[in-house]
Amino acid sequence: MRIDIVTIFPAFFDVLEVSLLGKARNAGLLDVRVHDLRDWTGDRHRTVDDTPYGGGAGMVMTPEPWGRALDAVVPGAVTATGERPVIVFPSPAGTPFTQAIARELSGRERLVFGCGRYEGIDERVFDYAATLGEVRLISLGDYVLNGGEVAAMAMVEAIGRLVPGVVGNPDSLVEESHEDGLLEYPSYTKPATWRGRDVPPVLLSGNHGAIAAWRREQQLERTRARRPDLLS
């Protein structure tokens, strides 16, 4: 999988060199390329924003640097099979990001992330991007960040770890929160007693059927208590 990220803060993504995603990049499982939007500006100040038409507070990212960036990055992202790249713009006005979306996108060959800043990106950029690929505006949650970088990083990690081979033991992905619509059951390890707190006896019983039933009930109880909306 190839992932391109366009941002005015490319150093923000240096963290992709560490942990599992860093190993996946070194192994050739993920090809992640970070691009500086300012490289496609046309003035000596490398300007990427201007005042909004109609008035209002803040600044809006101008369309031409984005147009040039997309022209440079997206055509190279078209796959040999003819699959259109998915162009993701993190946005609080987008579709909520879920594990199901992460799994869907992990099966795509090419992803492009466009990280907005300030009051957002000129709306015409999304229209133009739709001529080059499949555009998705995706929200990390019902809150506002200073820019799209944090959201893009979270999405890249959630998607990247689902690419085959990135996580060493693929079975560990099966029982995670949200994979089956419920939250994950609690986990324990040695010692069996720690500071007066014991591991639930069923986990020490060796009865795999009883353990599976306990874990399922714990999933339901946790979901009822913390995320009852998921049970619907």
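For what follows, Ala, Val, Leu, Ile, Met, Phe, Trp, Tyr, Cys and Pro count as nonpolar, Asp, Glu, Lys and Arg count as charged, and the others, Gly among them, count as polar. With that in place, the lining of the largest pocket divides into 14 nonpolar, 9 polar and 3 charged residues. Please keep in mind that this is a predicted model.

Let me stay with that pocket. It holds about 460 Å³ of space. Its lining is made of 26 residues, and Pro90, Ser91, Pro92, Glu119 and Gly120 are the ones nearest its centre. Strand E5, residues 86-96, and strand E7, residues 134-139, each supply at least two residues of the lining. E5 gives the most, with 5 residues.

Now the chain as a whole. It has 232 residues, and 41% of them count as buried. There are 6 helices and 9 strands. Taken along the principal axes, the C-alpha atoms fill a box of roughly 70 × 40 × 35 Å.

Phenylalanine 12 sits in the loop between strand E1 (2-7) and helix H1 (19-26). Phenylalanine 12 counts as partly exposed because its relative accessible area is 36%.

Next, salt bridges. Side chains of opposite charge can pair when their charged atoms come close. How many salt bridges does the count come to? The count is 14.

In one of them, aspartate 31 bridges to arginine 33, with the closest N and O atoms 2.8 Å apart. Aspartate 31 is partly exposed at 29% relative accessible area, and arginine 33 is partly exposed at 37%.

Another pair is aspartate 36 with arginine 46, at 3.8 Å from N to O. This pair links distant parts of the chain, 10 residues apart: aspartate 36 is in strand E2 (residues 31-36), and arginine 46 is in the loop between E2 and strand E3 (49-50). Is aspartate 36 buried or exposed? Aspartate 36 is buried, because its relative accessibility is 16% and the cut-off for buried is under 20%. Arginine 46, at 31%, is partly exposed.

The remaining pair is glutamate 83 and arginine 108, whose closest N and O atoms are 3.4 Å apart. Glutamate 83 is in the loop between helix H2 (63-73) and E5, while arginine 108 is in the loop between helix H3 (99-106) and E6, so the pair ties together parts 25 residues apart in sequence. Arginine 108 is buried, with 17% relative accessibility. Both residues belong to a network of salt bridges that links Glu83, Glu104, Arg108, Glu134 and Arg136.

Last, some backbone details. Most residues other than glycine have a negative phi, and most peptide bonds are trans. Tyrosine 118 is not a glycine, yet has a positive phi of about 60 degrees. Tyrosine 118 lies in the loop between strand E6 (110-114) and helix H4 (124-129). Arginine 195, also not a glycine, has a positive phi of about 50 degrees. The place of arginine 195 is the loop between E8 and strand E9 (197-198), and arginine 195 is exposed at 67% relative accessible area.

As for the peptide bonds, the one from lysine 190 to proline 191 is cis, with omega near 5 degrees. Proline 191 is in the loop between helix H5 (149-160) and strand E8 (193-194).

Technical notes. Residues numbered from 1 in each chain as written. Predicted model: local features only at pLDDT ≥ 70, side-chain atom pairs only at ≥ 80, totals over all residues. Heavy atoms only, no water. Helix = DSSP H or I, 4+ residues; strand = E, 2+ residues; numbered from the N terminus. Buried < 20%, exposed > 50% of the residue type's maximum accessible area, 1.4 Å probe, protein only. 1 Å grid on protein atoms, 1.4 Å probe; cavity = no way out; pocket = protein on both sides within 12 Å on 5 of 7 lines; lining within 4 Å. Points joined across faces, edges and corners; volume = space filled by probe spheres on them. Salt bridge = Lys/Arg side-chain N within 4 Å of Asp/Glu carboxyl O.
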